[in-house]
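Please have a look at the structure first, and then we will go through it by topic.

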Amino acid sequence: MRGDELLTIPEVMARLKIGRSTVYDLIRTRRLASVTIGRARRVPAHALVDYIHAHLEEAV
């Protein structure tokens with residue numbers, strides 16, 4: 001996964017193994033950064049990595 005890659009919502013769902021509404025909830029609550037391009041929502045790959053690292057730190 002390249003750091004400058006933009007992921008679709010289904011790609012984020014697959015990588016985190018969570019549902020669509022959960023992904024949108026993470027975006028809505030600003031726990032997962034995203035960008036809007038036209039009508040499309042994309043998640044920068046580095047934002048997903050940052051979210052995973054932050055979530056792991058909370059677990060410790």
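Is Arg30 buried or exposed? Arg30 is exposed, as its relative accessible area is 77% (buried means under 20% relative accessible area, exposed over 50% and partly exposed in between, with a 1.4 Å probe and protein chains only). This is a predicted model, in which local features need pLDDT of at least 70 and side-chain atom pairs count only at pLDDT 80 or more, while totals for chains, interfaces and linings use all residues. Residues are numbered from 1 along each chain as its sequence is written, and side-chain values use heavy atoms, leaving out hydrogens and water.

- Arg30 sits in the loop between H2 and strand E2 (35-37) (helices are DSSP runs of H or I with at least four residues, strands are runs of E with at least two, and both are numbered from the N terminus).
- Phi of Arg30 is positive, near 65°, although the residue is not glycine.
- Lys17 lies in the loop between H1 and H2, and its phi is also a positive value, near 55°, in a residue other than glycine.
- With 71% relative accessibility, Lys17 counts as exposed.

**H1 against H2**

- The axes of H1 and H2 come within 9 Å and cross at roughly 105° (axes are lines fitted to C-alpha atoms, for helices over the stretch in contact, and angles run from 0 to 180 degrees between N-to-C directions).
- H1 is therefore roughly perpendicular to H2 (65 to 115 degrees; under 35 is roughly parallel, over 145 roughly antiparallel and the rest oblique).
- On the H1 side, Ile9, Pro10, Val12, Met13 and Leu16 meet Arg20, Val23, Tyr24, Leu26 and Ile27 of H2 (contact means heavy atoms within 4.5 Å).

**H1 against H3**

- Helix H1 (residues 9-16) packs with helix H3 (residues 45-59) at an angle of about 30°, and their axes are 12 Å apart.
- These two helices, H1 and H3, are therefore roughly parallel to each other.
- Val12, Arg15 and Leu16 of H1 meet Leu48, Tyr51 and Ile52 of H3.

**The two sides of H2**

- Val23, Leu26 and Ile27 are buried in helix H2 (residues 20-28).
- Those residues lie on the same side of H2, because they cover an arc of only 100° around the axis (the arc is that of the directions from the helix axis to the C-beta atoms).
- Ser21 and Arg28 are exposed on the other side of H2.
- The cover over the buried residues of H2 includes H1, strand E3 (40-44) and H3.
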